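These are my notebook entries on a structure that I looked up. I recorded each item in the order in which I consulted it.

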Amino acid sequence: MNEMPNIEQATAMTESKISADKVQVYYGDNHAIKDVDIEIQPRSVTAFIGPSGCGKSTFLRTINRMNDTIEFCRVEGSIRIDGEDIYDPKVDPVQLRAKVGMVFQKPNPFPKSIYDNIAYGPRIHGLARNKSELDDIVSSSLQKAGLWDEVKDRLDEPGTGMSGGQQQRLCIARAIAVSPEVILMDEPCSALDPIATAKVEELIDELRENYTIVIVTHSMQQAARVSQRTAFFHLGVLVEEGPTDNIFTNPKDKRTQDYITGRFG
Amino acid sequence: MTDSTLTPEANDTSAKAPAPSRSLYALDDLTKKRNAAEKRFQAYGIAAILIGLLFLVVLAYSIISKGIPAFTRTVVQVEFTITQEQFDAAEKELFKTKAYERFFIGALQGQFEESGLNVPFDAKAIERIVGKTGGTIREYFRANPDKLGEPVAFELAASSRVDGYMNGRVTRETMTDSRFLQASDLDIVDALVETEVIKTVFNWNFITGADSGVDNPGGAGIGASVIGSFFMMLVVLFLSLPIGVAASIYLEEFAPQNRFTDLIEVNISNLAAVPSIVFGILGLAVFIQFMHLPQSAPLVGGLVLTLMTLPTIIISTRASLKAVPPSIRDAALGVGASKMQATFHHVLPLAMPGILTGTIIGLAQALGETAPLLLIGMVGFVARGYPDGFIAGFTEPNSAMPAQIYTWAARADFAFYEKAWGGIIVLLVFLLSMNILAIILRRRFERRW
C-alpha cells in the first residue's frame, strides 16, 4: 500500500484505456444510467461501488456490450476503448467481447470438463493451431489464475464439480484464455467464502500487471484492498471517482461520505 | 414465570433442571392437526397411485387376455400327392377347384381311416371347417408343377369359428347352427384334433402379414400396417424434429419480443389444442386435393401427423431451452461466442434431454393417432402387402396400426375383434420399443455433461 502513490502517478500519465463520455442507459422508459463520464486507466484495478440498484453493474455491462442481449435496453453516449467507439455500427460485439472479457457474480463454468471450459474460448476464436498450442493456452491460463496446481491432474473432470472459489477462478482463467485486454468483474466474490475471496483478490492484484480490470463490488473493504481507483455510483449517477485512498479517506461529495461511513446503502 | 407453571411431578423427576414451560414431548393441538393433515394427504396420494395401478392392471389384463388368441391360429394339416394325370384331369373339369377339393377330402378321409376313427362327414362340413380349399391347392400346383407326384403337406387355415372353438370363444353351448358351423361339425373338429390334423400354431402371419378381406379373418396380419406406421414415423421424425427445434430456437433465443412473436406464441399453443381431425381435413384439402400427393400414402399421413406433432415439440423444446440457466449464455457470450455459438455449443446440448422427451411424447401421440388418417384414406383400406422398396414405402397406399385396429374392430366377424386386441398389443410393443430407444438416446446425451 505504500507504493500506491507511485502507481497513481504512473497511471495518471498514461492515456486511459477506457473512456466513457456522457453515457446514458435506458431500460425501456427507465433512465438507469445518467451522464456518466469516466476514464479508466490501463493495467490497474478500478472498483465501482455503490448501493444496490445504483447502476454500477449496468454500467459495467455496457463496457463489453453485454446489455445488447437485453432487448429493451438502449445506450447513448460514447464508450471508447483505445480510442475506438465500441458502439460504432462497424463494431461487432462478439469481437469486442473477445477483447473485453467478463467474470460474473455467480461462478458459471460450462457443464464440461475443466479443460474444455478453458479451451472453449481459444477454440472459437481460432487462437490455437493445434492440440499442443491449445494445451499450452489451457495450462498457462490456469497458471495465471493460480489454479494449475489444484487441477492439473484432473483436467477432464467437470468444472461444475469444483468448490465455489475454484469455480470462480476457473471462470477467471476462462476469461484470460482468450487473451483479453480488459477484464470486467461483476461482484466476483459475492458468492464466495472469505478464504476463497482472499484468493480471488490476490489473483486480481496479480492480474493487474497485464490487464485492465474493472470490478463491481458491494464490499467497500474489497474495493479498498484491490483497487487503485474507485468510482462511487448512486441512483444511476457517477457521484465521485478518484484514487481509492482519496475516496475512502477524503471524499469530496457528501453522498460518498455517507455511503462509506455506512449511513445508507 | 417458569416456576409458577411447574407441576409437582416435573419437580420430582428433574430436581435441578427447570422443567420447560412448553414441553417438546407433548404435542400441541396445532401440531397434531398438522401431522394428521400430512398423514391424510399421504394416504390420498397412495390411494391415487393404487387406483392408477389397478386400472393399469385391468387394462393390461384385458388387452393381453383378449389379444393373445390373435397370435395363435388353427390350421388343418394334410399331406397328399397329386399326380400329373390327376392334375390334367382336374384342369379339364368345369368346376376345377371342386376337383381339387375332392383330392383334399379324399386325403383327409385316408388320414381318418389310417388312425381308425369313424366320424361321418361330408364335403359341406369340411368346407365349413377349412373353407373352400380347392382354390389354394390348385394355385399351389399351377405355381409349382414340379411338385406333382410328390407328397405335399398342406397347412390350411381353419375357419374363424373353428379357430374360436379352439381358443374357447365358441363353445358347444353357445353356438347355434348356421351355414358357418353346425354342432355336428364340432365332432369332426374334435376328431381332427385327436388325429393332429387340426393344430394350434403360432400365427406368424399376424405379425408379418397384410390385412385380408372381410371374409378371411384368419389371414389378417398387422405387418403391412406396422411398416406403414414406421414410414409415417420416419416422416414425422425427420420433419417435425428439425422444424420444431429450429422454430423454438429462433423464437426462444433470437426473435425480438413484440406483438408479432406474441401472436405466433399464442397460436402455437392453440395449435396444440386443435382436434386432430381438423389436421386430417386440412391434410386432405392441401396435400391430396391441392398438391395431388398419393392418397392413403404414409407420406401424406406423416405430413398430417407432422403438423399435429409440431406444436408439441415446439412447446416442449421452448420449455427446455428456457430451463437452461441464463448464466450459461452469459458465460459463452462473455468469452466472445456469438449468439449462435452460445446457443448451439452450450444451450442446445443442455436442453437436448428435454427436447428428446418432448419429441418422444409427440411421436407417441402421432403413432396412436387415428382420426386424421380417417380423412386421408388410410382407414378401411385393405393393404395388399408390403411396399416394394424404400421410396415406395412412403408413396404406396398403406395403412397404419391404429387405423388397422379401427378397421378390424369395425368388422362384423367376431374373429376380427380378436385381431384388433392383438393389434393393440403390437402397437403397444412398437410404442414401448420406440420409447426405450429414446430413453437410451436421452441417457447418452445426459451422460456427456
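**Entry 1: A pair of salt bridges in chain B**

I looked up Arg142(B) and found that its side chain meets that of Glu91(B) in a salt bridge, at 3.4 Å from N to O. I counted a salt bridge where a side-chain nitrogen of Lys or Arg lies within 4 Å of a carboxyl oxygen of Asp or Glu. I noted that Arg142(B) belongs to helix H7 of chain B and Glu91(B) to helix H4 of chain B, so that this pair links distant parts of the chain, 51 residues apart. Helices here are DSSP runs (H or I, at least four residues), as strands are (E, at least two), and they are numbered from the N terminus.

Arg142(B) is partly exposed, with a relative accessible area of 49%. The classes are buried under 20% relative accessible area, exposed over 50%, and partly exposed in between (1.4 Å probe, protein chains only).

I then found that Glu91(B) also forms a salt bridge with Arg138(B), where the closest N and O atoms are 3.0 Å apart. Here helix H4 covers residues 84–92 and helix H7 covers residues 134–143, and the two partners are 47 residues apart.

**Entry 2: How the model is to be read**

I recorded that this is a predicted model, in which local features need pLDDT of at least 70 and side-chain atom pairs count only at pLDDT 80 or more, while totals for chains, interfaces and linings use all residues. Residues are numbered from 1 along each chain as its sequence is written, chains are lettered from A and ligands numbered from 1 in the order in which they are written, and side-chain values use heavy atoms, with hydrogens and water left out.

**Entry 3: Salt bridges elsewhere**

Over all chains, I noted a count of 27 salt bridges. In chain A, Arg154(A) forms one with Glu157(A), with the closest N and O atoms 3.5 Å apart. Arg154(A) is partly exposed at a relative accessible area of 22%, and Glu157(A) is partly exposed at 36%.

**Entry 4: The two domains of chain B**

The contact (heavy atoms within 4.5 Å) takes 5 residues from domain 1 and 7 residues from domain 2.

Between them the domains bury about 480 Å², 55% of it on carbon and sulfur atoms. Buried area is the accessible area (1.4 Å probe) that two parts lose on being put together, summed over both. On the side of domain 1, Phe71(B), Ser160(B) and Arg169(B) lose the most area, together 81% of what that side buries.

**Entry 5: Where chain B meets chain A**

I noted that this contact takes 20 residues from chain B and 22 residues from chain A. The two chains bury about 1700 Å² between them, 65% of it on carbon and sulfur atoms. In chain B, Leu333(B), Val335(B) and His346(B) lose the most area to chain A, together 31% of what that side buries.

What is the count of salt bridges between chain B and chain A? I found 0. Helix H15 (326–334) and helix H16 (339–368) of chain B each supply at least two residues of the side that touches chain A. The largest share of that side, 7 residues, comes from H15(B).
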